[in-house]
Amino acid sequence: MSDQQAIAPAPAWRRYSAAPPLLLVGSILLYVGVALWTGQTRMLETDGVIGLLQRMVGLGIVALGQTFAIIAGSIDLSVANLISVAAVLASFIMQGRADMMLAAVLIVLAVSALVGVVNGAIISRLQVSPFIATLGVGLILQGLLSASFTDFAGSVPKEFQLVAYSTFGVVPYSVAALFALAALASFVLWATRFGAHLYAVGGNAEGARLAGIRTDLVTIGAHVVCSLSAGLTGLYLASRLRSGAPWVGRDGVYDLESIAVVVIGGTLLAGGRGGVWGTLAGVLLFATLDAAFNMLGVSAYPKLVLRGAIVILAVAVYTFRTRGHVA
Amino acid sequence: MEQAALALEMLDITKTFPGVQALDAVSFGCARGEVHALCGENGAGKSTLIKVLGGVYRPDGGTIRLDGREVAFSHPIVARRAGISIIHQELSLLPQRSVAENIFLGVEPTRFGILDRRTMRDEAGRLLRRLGSSIAPASLAGDLSIAHQQIVEIAKALAIDARILVMDEPTAALDRVDAGRLLDLVRKVSAEGVTIVYISHRMVEIQAVADRVTVLKDGRTVMTTTLAEAPTGRLVRAMVGRDLADFYPPRSSLPPGPPTLNVRGAANGQLHDVSFEVRAGEIVGVAGLEGSGKDALARALIGDEPFEVEAMEICGRAAKPGHPRAAIQAGIGRLSDDRKREGLLMQQSVRDNATLIERAFAPALRSPTAEPMSPQSTDKRLIQLDVRAASFEQEAQFLSGGNQQKVIIARWLARDPEIFIFCEPTRGVDVAAKAAIYQIMRDLARRGRAILMISSDLPEIIGVSDRILIMREGTLAGELPGGATEEEVMAIAVAHDREPHAMAS
């Protein structure tokens with residue numbers, strides 16, 4: 001026992017992780033280094049940097065939601081399929097008509113929220129492991145979707161394409177939206193009761209339950225947030241691709257990549273610790289790798305090898321630092 | 001008496017954990033084919049000693065000899081190969097594997113590198129028959145009764161030709177008939193030349209089966225003697241007879257207030273006909289052996305495994321908490337006996353841990369740092385309880401046991417329930433923190449809270465409680481006033497129905 005009395009000087013009430021700044025610096029060095037090495041200094045100007053940030057949007061939004069699921073001690077493997085559902089549903093309902101935009105968005109979000117409730121309920125009420133529950137729900141979603149649609153379905157109107165292609169000055173709406181959502185998510189995690197409960201349930205579900213926390217509602221809430229974020233990514237993809245196809249989510253590997261960036265960002269796969277800024281830094285790292293490989297003119301496959309190595313390395317480093325079980 | 005080399009000899013075994021001297025020069029030895037009982041209170045060092053013998057812990061000092069040859073076990077597998085087999089209280093069979101597969105786990109017979117299932121099945125059958133059992137080697141271990149699983153565990157030990165068999169509370173989960181059969185088996189195996197170290201709280205069994213007994217207390221050997229020279233009374237005194245440390249706070253001189261918790265004829269799957277009350281300002285201790293129902297009582301009161309036959313009143317109002325949240329709302333707070341699993345958020349800060357209960361009940365849109373969850377009020381409570389940490393931002397896992405316990409108390413102080421249930425409040429806590437926790441409990445009682453303390457630590461039960469309830473076989477077996485002797489409490493706790501007053505001394 002130490003003699004020193006424990007009165008911390010009213011600090012920020014949670015320790016900050018070193019992961020986000022390190023990943024941020026690493027990404028910037030990589031990006032600038034490759035741009036200079038290949039002599040593509042144009043990539044360091046505004047347009048190049050904006051392009052880099054634009055690459056973050058799709059994965060970034062869904063990864064924010066995945067962060068919630070993982071902090072709560074869960075995981076969501078159904079996001080890729082839900083993204084496809086959302087994109088197809090949006091363009092199918094809109095059929096190129098601007099007056100259907102609001103209805104389509106509301107329906108997509110409602111369906112997403114419902115999927116989240118189903119995921120969360122299967123996990124917390126039926127006590128099915130999150131891995132299996134969301135894998136199953138994902139397969140069901142994909143099956144329903146592929147049975148109903150085989151190709152691009154419908155289209156989105158010009159007005160809806162503005163979501164992906166319009167800008168405030170030089171900043172695209174979508175990039176601004178990603179950072180606004182990240183700020184909102186960060187606020188919810190740090191400054192709301194729901195956020196505190198997420199960490200409690202992820203840290204020790206049994207302890208949280210015995211303390212009177214309704215752990216089932218917390219799990220469902222985390223999955224609703226996660227599914228809503230997948231729905232938003234689906235809407236973004238529909239806007240960007242001008243239509244939705246039943247393979248957009250799967251092709252983006254959004255399920256595994258969203259989990260990978262969350263873990264790279266320092267969130268414990270076992271739950272109870274982490275945050276969205278680390279996740280966003282992980283997304284930036286992946287986007288930077290994409291951009292760097294493009295600049296180098298190398299094919300996409302070595303990029304996968306590097307991504308895999310980074311995930312393993314990141315988790316190994318965190319495990320080593322905490323000398324505990326991370327992932 | 002033992003001129004020939006003893007089958008097992010442990011000499012001056014010492015083991016220290018951070019802050020705790022678990023074993024202090026413990027010595028004991030057993031002859032070949034002897035049944036040697038090992039007894040002592042919880043925390044006396046029995047399980048540490050067994051873990052040293054089994055190669056789980058390495059001793060800080062001392063020697064182990066098998067048949068006179070000095071050995072050192074670096075790993076459990078080394079001890080197993082040397083012929084030491086340990087049957088833990090929690091049986092370790094794989095429920096989804098067959099009996100034969102379990103018996104030969106890790107020593108599977110092979111022919112040309114291929115698993116020889118027939119030999120395995122035949123040999124398993126032979127071993128089981130040798131033990132007088134007709135369990136089918138092909139049946140799944142998980143389908144067997146606990147008594148039959150015990151037999152499979154013994155067969156497993158015989159399969160590796162164990163020379164030393166350690167049995168830790170083997171009858172704890174058995175009824176009287178099965179316990180009797182198991183004792184017969186113990187005699188039979190020892191007659192074949194296997195040395196048996198038999199750990200038990202049940203004096204009747206020890207008297208029935210053991211040749212000699214060694215009593216441990218506070219990590220030291222108190223005595224080793226033949227059973228003939230050790231009547232039960234002497235054994236119990238050796239186990240519990242200690243100078244009561246004077247760190248128990250004085251009892252209140254005021255008479256207790258009206259009943260805060262009133263339970264009448266409550267029952268569930270593990271409990272029956274439980275009736276008692278706890279009054280405002282009173283500390284009521286609940287004692288009982290492992291499996292006596294005292295832990296089930298705590299879980300029932302907090303609504304985790306609620307009473308089915310419900311007859312519970314809190315402050316005169318009928319209460320029927322069906323889950324922990326409802327129990328807390330009804331005015332019950334519980335400190336779990338398993339801080340790690342059921343209490344703390346290990347990787348979160350002291351402050352977050354200390355605000356968990358209030359956050360659980362805060363309105364949905366309330367900030368998690370609004371009153372009374374603000375760092376200022378939380379820190380005030382933590383300082384009031386003298387929680388020592390490098391900073392209140394430190395993760396809970398880095399605190400000492402006593403400080404962790406205080407953090408959990410702080411969490412409940414913020415809620416300030418009418419009834420506090422303390423389960424094993426000082427388990428894994430050092431002496432100074434123990435005294436502090438007792439003082440906190442007494443202060444709560446003085447403020448009119450009703451306190452139920454469920455504990456396996458008899459000196460604590462006797463030193464702290466105003467009244468003592470003793471549980472046995474799922475119900476209340478008796479009540480004693482505070483300050484009763486440990487012998488009196490043990491007499492009620494260990495009495496078998498068959499011999500209700502065997503322990504009276």
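Among contacts in chain B between residues at least 6 apart in sequence, 68% link residues at least 24 apart; two residues are in contact if their C-beta atoms, placed from the backbone, lie within 7 Å. This is a predicted model, in which local features need pLDDT of at least 70, side-chain atom pairs count only at pLDDT 80 or more, and totals for chains, interfaces and linings use all residues. Residues are numbered from 1 along each chain as its sequence is written, while chains are lettered from A and ligands numbered from 1 in the order in which they are written.

Let me turn to overall dimensions. Along the principal axes, the C-alpha atoms of chain B fill a box of roughly 70 × 55 × 45 Å. Of the 505 residues in chain B, 49% are buried, that is, 20 or more other C-beta atoms lie within 10 Å of the residue's own.

Next, the secondary structure. Chain B has 18 helices and 22 strands; these are DSSP runs, H or I of at least four residues for helices and E of at least two for strands, numbered from the N terminus.

In which order do the 6 strands of the open sheet stand? The order is β6-β9-β10-β3-β11-β12 of chain B, with mixed pairing. Strands β6 (84-87) and β12 (220-226) of chain B each have a single partner strand, so one side of each is left without a neighbour in the sheet. Two strands pair if DSSP finds at least two bridges between them. Strand β11 (residues 212-217) of chain B runs antiparallel to β12(B), joined by 6 bridges, and B:K217 stands opposite B:R220 in β12(B).

Helix α6(B) lies across β3, β9 and β10 of chain B, at about 150° to β10(B); angles run from 0 to 180 degrees between N-to-C directions, with axes fitted to C-alpha atoms, for helices over the stretch in contact.

Finally, helices α5 (residues 146-159) and α6 (residues 176-191) of chain B have axes that come within 10 Å and cross at roughly 10°. That makes α5(B) roughly parallel to α6(B), a term for angles under 35 degrees. The contact involves B:A147, B:Q150, B:I151 and B:I154 of α5(B), together with B:D178, B:L182, B:L185 and B:V189 of α6(B).

Key: Parallel < 35°, antiparallel > 145°, perpendicular 65-115°, else oblique. Buried ≥ 20, exposed ≤ 12 C-beta atoms within 10 Å, placed from the backbone.
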